[in-house]
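Please look at the structure shown here, and then work through some questions about a few of its residues and its ligand.

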Amino acid sequence: MKNIILTADRPTGRLHIGHYAGSLINRVKIQNEGNYDKMYVMIADAQALGDNHDNIQKIRDNIIEVAIDYLSVGIDPDKVTIFIQSEVPELTELTFYYMNLVTLSRLTRNPTVKEEIKLRNFETSLPVGFVTYPISQAADITAFGANIIPVGDDQLPMIEQTREIVRSFNSLYGETLVEPKAVLPELEVCRRLPGTDGNAKMGKSLGNGIYLADDEKTVNQKVMSMYTDPDHIKVSDPGKIEGNVVFTYLDAFSTDEQIQKYAPEYKNLQEVKDHYSRGGLGDVKVKKILMGVLNEILTPIREKRAYYEQHKNEVYDMLFKGSDDARMAAQQTLDAVKKAMGINYRDILKK
Ligand code: TRP
């Protein structure tokens with residue numbers, strides 16, 4: 001079997017270190033290992049319109065921001081097809097046919113969708129376009145025959161939904177679509193990084209994110225105001241590690257070498273944690289380690305970003321070329337789907 005990998009992001013804002021930990025690192029790693037036949041990275045602008053149809057400028061502006069974030073973290077357009085969802089209209093057509101295979105109650109049972117409905121106050125007036133987005137996600141995945149989908153854990157219900165659609169389609173119309181598998185980050189803490197305020201989700205609307213494009217000063221300020229242990233008041237007090245965002249981020253991002261570099265009296269993160277739990281280690285000192293670690297990751301990303309910000313046309317050319325390439329692949333799947341369903345009239349009706 002071929003290995004085809006697809007990942008995507010909604011262009012509702014710049015990407016943050018939650019995206020980095022949960023998905024971007026993984027994508028670059030997979031890309032560089034090269035054990036795949038094809039890899040796609042999609043900017044899900046059409047999906048993002050589901051709750052931003054009255055603010056299209058935001059989505060339009062963020063397409064380039066997300067593309068620059070991709071290039072800055074090292075996603076390489078020579079190895080990966082980066083494209084814009086709405087540039088591939090075949091995805092919409094596939095969504096329309098898949099809609100017949102899904103019930104409304106199944107959609108509203110989806111835990112991620114449920115949570116998003118609450119967050120957006122959609123309980124009493126739920127836009128059809130929004131609630132059906134998991135179906136369009138099934139189209140995104142199946143259009144390219146993608147079987148490996150690296151995601152954070154909030155996307156698991158979407159992959160499950162896609163698998164159900166694939167099974168229904170194949171059993172009704174014959175083996176046509178490929179069932180995908182989700183791949184989660186190996187490190188559990190990377191699967192859903194909390195916000196700087198301790199909220200379980202990092203997000204733009206929550207104002208609790210650290211962005212790949214943030215400069216050093218901003219990152220340091222955000223780290224300084226980060227949620228730690230509210231009962232750790234005096235340095236001598238014993239501190240709690242669990243739920244302490246500074247330690248969560250250190251778990252996600254730091255290496256032993258970095259701990260030794262930024263706090264030479266410790267060999268590894270466990271020793272820092274032990275000292276903090278015992279008492280006698282202040283928040284500021286731990287935060288300084290985190291600042292060092294984060295800025296070490298973000299500095300090269302910022303440097304690349306600065307280049308692409310000056311060369312946006314290069315980025316747009318890359319996106320449109322990628323979109324043409326993606327469209328050709330999706331067209332083949334759409335042809336196969338219509339043939340399986342027997343609605344390829346031009347081939348079958350006129351003999
Ligand atoms: N819903 C995903 C997110 O918000 C983005 C997405 C759209 C996606 N289509 C996809 C992810 C297909 C994986 C596969 O992050």
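The questions and answers below concern a predicted model.

Q: Which residues surround the ligand, and which helix gives the largest share of the shell around the ligand?
A: The ligand is surrounded by Leu6, Ala8, Arg10, Met42, Ala44, Gln47, Gln137, Asp140, Ile141, Ile149 and Gln155. The elements that give two or more residues to this shell are strand E1 (4–9) and helix H8 (133–142). The largest share, three residues, comes from H8.

Q: How far is a nitrogen atom of the ligand from an N or O atom in the side chain of Gln47?
A: Polar contacts are pairs of N or O atoms within 3.5 Å, and the ligand has a pair of this kind with Arg10, where a polar side-chain atom lies 3.2 Å from an oxygen atom of the ligand. With Gln155, a nitrogen atom of the ligand is 3.2 Å from an N or O atom in the side chain. For the side chain of Gln47, the distance from an N or O atom to a nitrogen atom of the ligand is 2.8 Å.

Q: What percentage of the area that the ligand exposes when taken alone does the protein bury?
A: The place to look is the largest pocket, where the ligand sits. Taken alone, the ligand exposes 360 Å². Of that area, the protein buries 90%.

Q: Is Thr196 buried or exposed?
A: Thr196 has its place in the loop between strand E5 (181–183) and helix H10 (216–224). Leaving out residues up to four places away in sequence, Thr196 touches Asn208, Gly209, Ile210, Met226, Tyr227, Val245 and Tyr249. Because its relative accessibility is 11%, and the cut-off is under 20%, Thr196 counts as buried.

Q: Which residues is Asn110 in contact with, leaving aside its neighbours within four places in sequence?
A: Asn110 is found in the loop between helix H5 (104–109) and helix H6 (111–119). Asn110 is buried, with a relative accessible area of 1%. When neighbours within four places in sequence are left aside, the residues in contact with Asn110 are Pro134, Pro157 and Met158.

Q: Why is Ile343 counted as buried rather than exposed?
A: Ile343 lies in the loop between helix H15 (312–341) and helix H16 (345–348), and Ile343 touches Tyr97 and Lys338 when residues up to four places away in sequence are not counted. A residue counts as buried when its relative accessible area is under 20%. Ile343 is therefore buried, because its relative accessible area is 18%.

Definitions and conventions. Residues numbered from 1 in each chain as written. Predicted model: local features only at pLDDT ≥ 70, side-chain atom pairs only at ≥ 80, totals over all residues. Heavy atoms only, no water. Helix = DSSP H or I, 4+ residues; strand = E, 2+ residues; numbered from the N terminus. Buried < 20%, exposed > 50% of the residue type's maximum accessible area, 1.4 Å probe, protein only. Contact = heavy atoms within 4.5 Å. Near = heavy atom within 4 Å. Polar contact = N/O pair within 3.5 Å; in protein donor to acceptor, adjacent residues only side chain to side chain. Areas by Shrake-Rupley, 256 points an atom, 1.4 Å probe, with all protein chains shown as cover. 1 Å grid on protein atoms, 1.4 Å probe; cavity = no way out; pocket = protein on both sides within 12 Å on 5 of 7 lines; lining within 4 Å. Sits in = over half its atoms within 2 Å of the grid points.
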